[in-house]
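Here is a protein model to explore step by step. Keep the sequence beside the 3D view and find each part as it is named.

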Amino acid sequence: MLPITVEFSGGAELLCGNVKKHDVELPKQDTKWQIRNLLVWIKDHIIQERPELFLVGNTVRPGILVLINDADWELMGELDYEIQEKDRIVFISTLHGG
């Protein structure tokens, strides 16, 4: 198992039953976990409604900021980042209705 923390804020938590923090253990697999695999896992196991507001294609929807251990995922390799034990991955919606 690979223990990590996944957090949602800025309104993204509404897709997850209004739960902001999720301490999860990713199951073992033959290849290393990457963000691209995690997004599918999140869609299947955490997102409770309207997954189209979280994902588009194989990546997060525009307007969602992704932080890996408080660093922008663009600096970490985006979808190719290999998840490490105890990583903290945060999804922040920057889009607000009005």
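Five strands form an open sheet in the order β2-β1-β7-β5-β6, with mixed pairing. Its edge strands are β2 and β6, and each of them pairs on one side only. Remember that this is a predicted model.

What holds neighbouring strands together? Strands of a sheet pair through backbone hydrogen bonds, either parallel or antiparallel. Start with β1 and β2. They run antiparallel, and six bridges join them. Within this pair, Glu7 stands opposite Lys21 in β2. Now move to β5 and β7. This pair is antiparallel too, joined by five bridges.

Next, look at the two faces of β2. Which residues are on its covered face, and which on the uncovered one? His22, Val24 and Leu26 make up the covered face. Lys21, Asp23 and Glu25 make up the uncovered one. In a regular strand the side chains alternate between the two faces of the sheet.

Turn now to helix α1, residues 35–45. Its buried residues are Ile35, Leu38, Leu39, Trp41 and Ile42. What do they pack against? Their partners are β1 (2–9), β2 (21–26), β3 (55–56), β4 (59–60), β5 (64–68) and β7 (88–93).

Leaving aside residues up to four places away in sequence, Ile83 touches Leu2, Ile4, Leu26, Trp33, Gln34, Ile35, Leu38 and Ile89.

Finish with a charged residue, Asp87. Find Asp87 in the loop between β6 (71–72) and β7. Is Asp87 buried or exposed? Asp87 is buried, yet has no salt bridge. The nearest side chain of opposite charge is Arg88, 10 Å away. What does Asp87 touch? Not counting residues up to four places away in sequence, Asp87 touches Pro3, Ile4, Thr5, Ile68, Asn69, Tyr81 and Glu82.

Definitions and conventions
Residues are numbered from 1 along each chain as its sequence is written. This is a predicted model: local features need pLDDT of at least 70, side-chain atom pairs count only at pLDDT 80 or more; totals for chains, interfaces and linings use all residues. Side-chain values use heavy atoms; hydrogens and water are left out. Buried means under 20% relative accessible area, exposed over 50%, partly exposed in between (1.4 Å probe, protein chains only). Helices (H or I, at least four residues) and strands (E, at least two) are DSSP runs, numbered from the N terminus. Contact means heavy atoms within 4.5 Å. Lys and Arg count as positive and Asp and Glu as negative; His and the chain ends are not counted. A salt bridge is a side-chain nitrogen of Lys or Arg within 4 Å of a carboxyl oxygen of Asp or Glu. Two strands pair if DSSP finds at least two bridges between them.
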